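Have the structure open beside you as you read.

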Amino acid sequence: MASADDHTLAQSAHDLASALWFGGAVMGVAGVNKSGADLSVGRDRIAVAASAWNRFAPAEWASIATVLATGSQLTRSSSQRLALQQGYASTGALKVGFVLAGAAATAYATFAGQKIAKAAEAAEQRGEPVSVKDATIPTANTPADVAKWQRRQRVAQFLPVLCAAGNIVCNAKLVQSYRVGATASGVLGRLHLN
């Protein structure tokens with residue numbers, strides 16, 4: 001029989017979802033957004049990245065939702081630790097902050113990517129050539145509205161990576177706080193402060 005204190009399933013789902021979110025964000029920055037550079041037509045350089053992100057979006061959002069849901073479940077199961085162990089609550093709060101900021105950053109990066117694609121399509125319909133190095137880097141001849149959103153996306157694309165990484169680091173600290181020495185130190189630290 002499974003113990004009521006066994007949260008292996010929730011922890012596993014949380015860790016796998018965190019890995020998917022982080023890995024997908026890194027793949028997007030390092031691979032997807034750069035992959036269009038291999039194509040000869042500027043509009044296609046944007047379209048290939050937009051298509052890849054649209055295909056990955058359901059998995060990305062499912063991973064973020066899973067991190068939030070399982071994180072909430074793991075927090076509820078650690079209510080005594082939150083109250084007794086110094087540093088546990090602040091690390092947990094920081095972790096929640098990373099996840100919420102990461103979700104917002106992911107939404108903004110998605111929005112910026114959509115604006116790039118729409119601006120490129122509109123420029124092409126106006127008869128303007130869409131010259132870009134890749135999905136996030138304009139050239140000197142990139143239409144102004146496309147270049148504006150590319151500059152924003154070039155910064156925004158790194159925020160989900162940083163937030164997902166922060167979530168993983170905080171989670172590692174929380175898991176390590178279950179070690180006997182860390183638990184004793186945290187409880188004694190809490191008692192000493194009171």
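Arg126 is partly exposed, with a relative accessible area of 47%. Here buried stands for under 20% relative accessible area, exposed for over 50%, and partly exposed for what lies in between (1.4 Å probe, protein chains only). Glu128 is likewise partly exposed, at a relative accessible area of 31%. Arg126 and Glu128 form a salt bridge, with their closest N and O atoms 2.8 Å apart. The term salt bridge is used for a side-chain nitrogen of Lys or Arg within 4 Å of a carboxyl oxygen of Asp or Glu.

Some ground rules before going on. This is a predicted model, in which local features need pLDDT of at least 70 and side-chain atom pairs count only at pLDDT 80 or more, while totals for chains, interfaces and linings use all residues. Residues are numbered from 1 along each chain as its sequence is written, and side-chain values use heavy atoms, with hydrogens and water left out.

## The overall fold

How many helices and strands does the protein chain have? There are 7 helices and 0 strands, and along the sequence the pattern reads α-α-α-α-α-α-α. Helices (H or I, at least four residues) and strands (E, at least two) are DSSP runs, numbered from the N terminus. The protein chain has 194 residues, and 37% of them count as buried.

The salt-bridge count comes to 5. One of them joins the side chains of Glu121 and Arg43, at 3.8 Å from N to O. This pair links distant parts of the chain, with Glu121 in helix 4 and Arg43 in helix 2, 78 residues apart. Is Arg43 buried or exposed? Arg43 counts as buried because its relative accessibility is 15%, whereas Glu121 is partly exposed, with a relative accessible area of 38%.

Arg43 also forms a salt bridge with Glu124, where the closest N and O atoms are 3.9 Å apart. Glu124 lies in helix 4 and Arg43 in helix 2, so this pair ties together parts that are 81 residues apart in sequence. Glu124 has a relative accessibility of 44% and therefore counts as partly exposed. Through shared partners, the salt bridges join Arg43, Glu121 and Glu124 into one network.

## The second largest pocket

Next, a look at an opening in the model. The second largest pocket has a volume of about 440 Å³. Pockets are found on a 1 Å grid over the protein atoms alone: a pocket is an open set of points where a 1.4 Å probe fits, with protein on both sides within 12 Å along at least five of seven lines, and lining residues have an atom within 4 Å of a point. Grid points are joined across faces, edges and corners, and the volume is the space filled by probe spheres set on the points.

Which residues lie nearest the centre of the second largest pocket? They are Trp53, Ala109, Thr110, Gly113 and Gln153, out of 25 lining residues. The elements that give two or more residues to this lining are helix 1 (8–35), helix 2 (42–77) and helix 4. Helix 2 gives the most, with 10 residues.

By type, the lining of the second largest pocket divides into 13 nonpolar, 10 polar and 2 charged residues.

## A nonpolar surface patch

Leu68, Val96 and Leu100 form a nonpolar patch on the surface, and together they have about 240 Å² of accessible area. Patches are made of residues with over 30% relative accessible area and no salt bridge, with like charges joined within 9 Å and nonpolar side chains (Val, Leu, Ile, Met, Phe, Trp, Tyr) within 5 Å. Accessible areas come from the Shrake-Rupley method with a 1.4 Å probe, and for residues only the protein chains shown count as cover. Leu100 is found in helix 4 (residues 88–125), and counts as partly exposed because its relative accessibility is 49%.

## Pairs across the sequence

Ala47, in helix 2, is partly exposed at 31% relative accessibility. The C-alpha atoms of Ala47 and Ala135 are separated by 8.1 Å, and these residues are 88 residues apart along the chain.

Ser40 is found in the loop between helix 1 and helix 2 and counts as exposed, at 70% relative accessibility. Ser40 and Ser131 are 91 residues apart in sequence and 9.8 Å apart in space, C-alpha to C-alpha.

Key: Nonpolar A, V, L, I, M, F, W, Y, C, P; charged D, E, K, R; others polar.
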